[in-house]
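Let's take a walk through this structure together. We will begin with one residue and its surroundings, then step back to look at a whole chain.

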Amino acid sequence: MAFTLYTLIQTAILCTNAIAVLHEERFLSKIGWGVDQGVGGFGDDPGVKAQVLNLIRSVRTVMRVFNSVEKSFP
Amino acid sequence: MRLRNSSMDGSDGSQLFEDTSRAGSGSQTGYRNQQAGPQAAGFPGQSLLSDPMSNLAMAYGSSLASQGREMVDKNLDRFIPISKLKYYFAVDTVYVGKKLGLLVFPYMHENWEVSYQQDTPVAPRFDVNAPDLYIPAMGFITYVLVAGLALGTQNRFSPELLGVQASSALVWLIMEVLAVLLSLYLVTVNTDLTTIDLLAFSGYKYVGMIVGVVAGLLFGKPAYYLSLLWCCVAIFVFMIRTLRLKLLSEAAAEGRLVRGARNQLRMYLTMSIAAAQPIFMYWLTYHLIR
């Protein structure tokens with residue numbers, strides 16, 4: 001099992017890409033993972049599902065920023 | 001400032017370096033430097049007296065050097081927390097011996113709490129429960145060397161394989177630390193475990209791996225399996241007892257049965273982190289013993 005550091009970087013990029021291409025209204029809302037279904041109630045126990053949804057949403061937002069920055073380059 | 005200091009204690013005429021050419025007027029030159037230092041640029045005709053200029057140049061150079069060092073330290077500290085890393089390497093021989101003993105035989109140890117000293121954890125030198133990075137670092141390097149040795153005894157060795165083993169083990173380590181970090185984030189545990197702590201805990205399994213591989217090299221396959229089994233159980237117990245205090249709430253850590261979904265989730269998390277260690281130990285060593 002010859003893993004290299006390059007494999008690790010490749011894995012990270014592919015996973016980030018996989019999270020970024022999840023479609024919001026065709027897929028995430030259908031399975032109840034949309035951005036409006038994340039934050040349930042307040043309190044000190046968000047729960048695993050809320051954390052996962054937060055993580056997905058923040059990764060997608062960061063990727064969107066990168067996308068717009070890269071789009072502005074001619 | 002250094003001029004003044006050197007001239008204060010330079011009653012025998014020596015400034016920053018021994019100036020044997022002016023033995024007689026040494027003290028006078030020292031005193032004159034104090035006044036002439038800042039004004040040396042205005043005396044171009046003083047080329048004979050190179051002392052003020054050279055002293056000024058040396059003082060300027062040393063202040064530049066210290067400024068440069070400060071800048072490098074500040075910028076380096078932004079990326080790699082050097083001061084925090086130093087804490088993890090503050091070990092001594094007694095600590096290393098005790099910790100290694102604890103890693104293979106954690107059953108007699110009773111007090112697993114890390115002692116604090118006014119809100120900061122005590123250095124590993126004074127507390128055997130504190131995590132350190134010396135043993136994991138040394139263990140990693142020794143593992144790579146022992147892997148090379150094991151491959152060499154089976155005539156499968158080539159120098160590139162050392163690099164392959166090292167990078168492979170490093171990648172598994174990084175993935176494990178990232179997985180643990182991700183799961184800690186998802187379960188929203190309020191803990192003071194830092195990333196470096198997790199790196200240290202994940203690096204402790206190299207000790208067991210080395211023991212297993214060396215036993216397998218010396219005594220054959222049954223010895224490898226036996227010693228690996230022993231070390232796996234020992235690391236499992238060690239991790240559970242160490243992580244229990246850090247991840248679980250106060251009541252659950254003391255052993256009382258606390259209900260609630262959150263505590264159960266935390267318990268599962270601790271168990272899975274501890275159970276991942278033996279799996280990795282077997283995965284990274286079984287191909288070395290044929």
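Predicted model: local features only at pLDDT ≥ 70, side-chain atom pairs only at ≥ 80, totals over all residues.

Is B:Asn129 buried or exposed? Its relative accessibility is 7%. Buried means under 20%, so B:Asn129 counts as buried.

Now see what surrounds this residue. Apart from neighbours within four places in sequence, B:Asn129 is in contact with B:Lys99, B:His109, B:Asn111, B:Trp112, B:Glu113 and B:Val114.

Next, turn to chain A. How many helices and strands does chain A have? The secondary structure comes to three helices and zero strands, so read from the N terminus the pattern is α-α-α.

The surface of chain A comes next. Chain A has 74 residues, and 15% of them count as buried. Chain A exposes about 5700 Å², with carbon and sulfur atoms supplying 65% of that area.

The average pLDDT of chain A is 80, and 84% of the residues score at least 70. Which elements of chain A have the highest and lowest mean pLDDT? The highest, 89, belongs to helix 1 (residues 5-20) of chain A, while helix 2 (residues 24-28) of chain A has the lowest, 78.

Notes. Residues numbered from 1 in each chain as written. Chains lettered and ligands numbered in written order. Heavy atoms only, no water. Helix = DSSP H or I, 4+ residues; strand = E, 2+ residues; numbered from the N terminus. Buried < 20%, exposed > 50% of the residue type's maximum accessible area, 1.4 Å probe, protein only. Areas by Shrake-Rupley, 256 points an atom, 1.4 Å probe, with all protein chains shown as cover. Contact = heavy atoms within 4.5 Å. pLDDT = per-residue confidence, 0-100.
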